[in-house]
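Here's a quick tour for anyone meeting this structure for the first time. Have a look at it, then read on.

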Amino acid sequence: MKAILLAAMLGLAAASALAVEPGERLADPALEARARALSGELRCLVCQNQSIDDSNADLAHDLRVLIRERLSAGDSDAQVLQFMVHRYGDFILLRPPVKPETYLLWFGPFVVLALGALGAALYLRRSRRAPQQAPAPLSPDEQRRLQKLLVEDQG
Amino acid sequence: MRRLIYLLPIAAFMALAGYFVVSLSRDPSVLPSAMINQPAPAFTLAGLQGQPGLARDEFRGQVVLINFFASWCVPCRAEHPLLMQLAAELKTPVYGIDYKDKPEDAARFLSELGNPYGLIGADRDGRVGIDFGVYGVPETYVIDKAGRIRLRHVGPLTPADVTRELAPLVKELQKS
């Protein structure tokens, strides 16, 4: 029983392992760690919502190998990302860079929040300042109708 | 006049909805190209089975069409008759880059369907493709006389793409 459980757990662990193939790995663990971190930042352009670290696509494999080549050749992380952006555009970055074109994307939600807070503050201030007006007293006619309704309700 | 402020949320909603409608009709698999108006990357590729290859610096000063294709690529088959037609009608060279393919398979593909390409480079490991920003075949590029990429078409060309975009651009670039 224990053996079956262990086998099942190992199987699950294997299934959740990433797409990086053993043959792609670099011997130097520090470089390999940088390569893994970088490939987690890059979008697979074939599947679009996976990083190339997760993807089994052919192009993702080629790009992973390319990253490792660049790193082995002494490129910095920023240079590798620049290399990719030069070819595929900002879209390849899973984290959009902060620059004038993306200000709306990054800061838009905060602007909307600030506008909402401003609106709420103005509304609250105005309703606090305006004195609570007591409703006009009932006319004799309305008094009579109210009495009648109350009596009916009890009866 | 003050009432108009109540229309503001509706206006904002309409603007957002309009944006979504436009975005829905856009094909999300077609990505903007980072290489438009950039110089085409330098490359030198061997040819298929001993035929002459293709290098960027050989076609400087001409307007050229570069088509990335592969024998394993089904949409390339669909596009092929149109490329044959372009090679015959467009007064500009059509060059092919055989992307991640075995030369013998590519040769069979071309002998079966015809060869529209003036020259073919074999990009066996796909590195030239990566330099161009290719993420799937077929892709077609128009390169101007100065060696800059002027048009990129992702996916198979259709006659509509050619009449609407590609042919007018090539004609204009040839004049300049």
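## Where the chains meet

The side chains of Glu69(A) and Arg127(B) come together in a salt bridge, 3.0 Å from N to O. This pair crosses between chains, running from helix α3 (residues 58-72) of chain A to helix α4 of chain B. A salt bridge here is a side-chain nitrogen of Lys or Arg within 4 Å of a carboxyl oxygen of Asp or Glu. Side chains of opposite charge can pair when their charged atoms come close.

Before going further, keep in mind that this is a predicted model, where local features need pLDDT of at least 70 and side-chain atom pairs count only at pLDDT 80 or more, while totals for chains, interfaces and linings use all residues. Residues are numbered from 1 along each chain as its sequence is written, chains are lettered from A and ligands numbered from 1 in the order in which they are written, and side-chain values use heavy atoms, with hydrogens and water left out.

Between chain B and chain A there are 4 salt bridges. Here are two that link these chains:

| Residue in chain A | Residue in chain B | N to O distance |
|---|---|---|
| Glu69(A) | Arg127(B) | 3.0 Å |
| Asp58(A) | Lys100(B) | 3.5 Å |

Helix α4 (residues 127-132) of chain B gives the most to the side of chain B that touches chain A, with 5 residues. (Helices are DSSP runs of H or I with at least four residues, strands are runs of E with at least two, and both are numbered from the N terminus.)

How much area do the two chains bury between them? It's about 1,300 Å², with 52% of it on carbon and sulfur atoms. Buried area is the accessible area (1.4 Å probe) that two parts lose on being put together, summed over both. In chain B, Arg127(B), Ile130(B) and Tyr135(B) lose the most area to chain A, together 39% of what that side buries.

## The sheet in chain B

Chain B also has an open sheet of 5 strands, in the order β5-β4-β3-β6-β7 with mixed pairing. Two strands pair if DSSP finds at least two bridges between them. At the edges sit β5 (120-123) and β7 (149-154) of chain B, each pairing on one side only.

Strands β3 (residues 64-69) and β6 (residues 139-143) of chain B pair in the antiparallel sense over 5 bridges. Val64(B) has Ile143(B), in β6(B), as its bridge partner.
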